Amino acid sequence: MSTAGRSPEHAPEASDLADRLATAEFVRLVAGADADSLAAAGVLARALDGIATPYQVSVARPWASADRTTESDLTVAVGPTGIDGDLSVSGVETAASATAFETARELDADSADPVLALAGTRMADAPAATDLAEIAGLERRPGVTVPTDELADGVAHTTLTHAPFSGDSEAAAEALETIDDGVDDRERRVASLLALSVLEDSPERAAETIGTALRPYDGGPFETIGGYADVLEGAVREDPGTAVALALGHDVREAALDAWRRHARSAHAAIEAATTGRYDGLFVARDDGDVPVETVARLLRDVRSPEPVVLALTDGRAAAAATPEAAVDLAGVFDRAVDRLGDGTAFGTPRRAVATVGAETADVITAVREAIQS
């Protein structure tokens, strides 16, 4: 069986969503397992708290066996979840966290959190129509986008990009030792070191995406807004309970950072260990074990892949990521591929999708290639 998610007509305007939330007796927010969806759910939950409406927040994992039924008055699917909620905030045309912020302002301006929403948009594939940084009063500064004040820890574990020292704090520290601590422009030099390390022997797209890891906004519960986003993205896939608590504003900083580090080490190690193959328009990476294929696919798309679409595979799981220029709808591609294979589930967005698959690697690759071409 397969499901590609909700149809676009199920995505209401912020004012319409606010109207439905304002009249609900109990709201269940089901977030996709990514920073944009989680941040959006957190923004909506805080707004619901502001108007004293009871709510529940959960995370939909594509390969988790979870009961997705609910007795709530209103169920809202936030981002790619694979469930049919009463309403959805798709995050396809506009970042889900940006839509959630506008909805929160409609409900209760005092509880609308631009910082959390901005963090969500930093990892979104869709733009934000509102200048959330301006609303939050934040400005960029030189340096790197990391969540900790220990730079070696930050650049080793960031999943905003991938460098030769990624996943290895000692190797990152050795690289940073080449920069004199006493220089006035050290932050700029650290940023240059990271950029040059990433761009060496990388395709052109890496130069376009490295900016997400540089010139951060300060603010939020971590050192930078982009670092906040990175922790949300890693924690929601490694430890959803802690990630939800973080999005709701609870003090779980250290637990969230631990989850982020574990996730980053796993993703970066998988990139280095993967068996790869290049096809016409498709780059495939295969690794065994408990590999975070969603993050692997995104990083390969942004830093390593010479092709516009990346397919990351491990036992029973697949994820894909596509560049903005790729003329493909990955949610539809995975939906068709799963149908061809005759087993599994799939859902996602035009730019990113996930699936459970029970077939051999060669069969999955063939099904995805045929689905892209159909």
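Hi everyone, let me begin with a definition: on a 1 Å grid over the protein atoms alone, a cavity is a set of points where a 1.4 Å probe fits but cannot get out, while a pocket is an open set with protein on both sides within 12 Å along at least five of seven lines, and lining residues have an atom within 4 Å of a point. Grid points are joined across faces, edges and corners, and a volume is the space filled by probe spheres set on the points.

Now, what you see above is a predicted model, in which local features need pLDDT of at least 70 and side-chain atom pairs count only at pLDDT 80 or more, while totals for chains, interfaces and linings use all residues. Residues are numbered from 1 along each chain as its sequence is written, and side-chain values use heavy atoms, with hydrogens and water left out.

Let's start with the cavities. The search of the whole structure turns up three of 30 Å³ or more. The largest cavity holds about 80 Å³ of space. Its lining includes Arg122, Met123, Arg140, Thr145 and Arg215. By class, that lining has six nonpolar, three polar and three charged residues. Here Ala, Val, Leu, Ile, Met, Phe, Trp, Tyr, Cys and Pro count as nonpolar, Asp, Glu, Lys and Arg as charged, and the others, Gly among them, as polar.

Next, the second largest pocket, with about 450 Å³ of space. Which residues lie nearest its centre? They are Asp34, Pro80, Asp125, Thr349 and Arg352, out of 32 lining residues. At least two lining residues come from each of helix H2 (35-50), helix H13 (293-304), strand E8 (317-322), strand E9 (345-348) and strand E10 (352-356). Helices (H or I, at least four residues) and strands (E, at least two) are DSSP runs, numbered from the N terminus. The lining of this pocket is made up of 17 nonpolar, six polar and nine charged residues.

Let me return to Arg215, which we met in the lining of the largest cavity. Arginine 215 sits in the loop between H9 and H10, and its phi is near 50°, a positive value in a residue other than glycine. The cut-offs are under 20% relative accessible area for buried, over 50% for exposed, and partly exposed in between (1.4 Å probe, protein chains only).

Aspartate 201 also has a positive phi, about 60°, although it is not a glycine. You can find aspartate 201 in the loop between helix H8 (186-199) and helix H9 (204-209), and it is exposed, with a relative accessible area of 77%.

Moving on to rings. A pair of aromatic rings is described by the distance of the centres and the angle of the planes. The whole structure gives one aromatic pair. Phenylalanine 222 and tyrosine 228 have ring centres 5.8 Å apart and planes at 40°, so the pair is tilted. For reference, rings of Phe, Tyr and Trp (its six-membered ring) pair if their centres lie within 6.5 Å; planes under 30 degrees apart count as stacked, over 60 as edge-to-face and the rest as tilted. Both phenylalanine 222 and tyrosine 228 are buried.

Tyr228 also takes part in a helix contact, between H10 and H11. Helix H10 (residues 225-238) packs against helix H11 (residues 240-247) at an angle of about 145°, with the axes 6 Å apart. Axes are lines fitted to C-alpha atoms, for helices over the stretch in contact, and angles run from 0 to 180 degrees between N-to-C directions. On the H10 side the contact residues include Val231 and Leu232, and on the H11 side they include Pro240 and Ala243. Contact means heavy atoms within 4.5 Å. This contact has nine nonpolar, no polar and one charged residues.

Threonine 158, in the loop between helix H6 (151-157) and helix H7 (169-176), is buried, with a relative accessible area of 1%. Beyond its neighbours within four places in sequence, threonine 158 is in contact with Thr145, Asp230, Trp260 and His268. Threonine 158 and histidine 268 are 110 residues apart in sequence, yet 9.5 Å apart in space, C-alpha to C-alpha.

Glycine 120 belongs to helix H4 (residues 114-122) and is buried at 0% relative accessible area. Not counting residues up to four places away in sequence, glycine 120 touches Ala35, Asp36, Ala39 and Ser97.
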